[in-house]
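Reader: I would like to go through the charged side-chain pairs in a protein model. Could you take me through them once the structure is shown?

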Amino acid sequence: AFEGAELVERVCQVIDEHRRFVDAYEDYIGLALSEADVRHLVGDGKAAMVMMLVSGLIADDLDNLRTYYDLGVRTMALCHLGNVGWADSMAELKETPGLTDFGRDVVSACQDWGILVDLSHASDPTCWHALEVSTKPIMATHTKCRTLTGSSRDLSDELIRAIADTGGVVGILAPAPKTSDERGEYRLQ
């Protein structure tokens, strides 16, 4: 519902809320801005929070992305349940699917600054375009295997391999159970 400067202001408010949460519970959690931070926090028995920007909410301006980075964002999903002007999701394809030139610049900027690119929910063309410009690992934090689910929303085996080839990782969700037998075990049908 928010756009432009109002969108950026709202995202900054949410980032601030997360930072205040970390401050309030600093005995249990810390904000991780690097791999070293994650290792240090976990080594101290704390949870490491890695802030993620969902759905490319940068109001089509790399300066906003840089602001979010400066505030602690280290992961960005290019899109979610709908398109942004420069990338499309599996839920909604643009007339010309994939990344625009600006979208390619977004992926490059993320990788230059140290923001992990997340391809979860992105359309196949968006994924392939991001992989084409990628010089560093890319990931998909939460998806399923299209071969098993038959859903175009999930990643194909080829995309899973291509992400792995960047040195990236894919977080595979288990398919939702369809039925339960008498012992309470779930089986797919």
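Author: What follows concerns the salt bridges of this structure. The model is predicted, so local features need pLDDT of at least 70 and side-chain atom pairs count only at pLDDT 80 or more, while totals for chains, interfaces and linings use all residues. Residues are numbered from 1 along each chain as its sequence is written, and side-chain values use heavy atoms, with hydrogens and water left out.

Reader: How many salt bridges does the structure hold?

Author: There are five. A salt bridge here is a side-chain nitrogen of Lys or Arg within 4 Å of a carboxyl oxygen of Asp or Glu.

Reader: What is the distance between Arg20 and Asp16?

Author: Their closest N and O atoms are 3.0 Å apart. Both residues belong to helix H1 (residues 4-24) and are four residues apart, about one turn of the helix. Helices are DSSP runs of H or I with at least four residues, numbered from the N terminus.

Reader: Turning to Arg104, which residue does it pair with?

Author: Arg104 forms a salt bridge with Glu132, at 3.3 Å between the closest N and O atoms. Arg104 lies in helix H4 (residues 101-113) and Glu132 in helix H5 (residues 124-133), so the pair ties together parts that are 28 residues apart in sequence.

Reader: And how accessible is Glu132?

Author: Glu132 counts as exposed, at 55% relative accessibility, whereas Arg104 is partly exposed at 22%.

Terms used
Helices (H or I, at least four residues) and strands (E, at least two) are DSSP runs, numbered from the N terminus. Buried means under 20% relative accessible area, exposed over 50%, partly exposed in between (1.4 Å probe, protein chains only).
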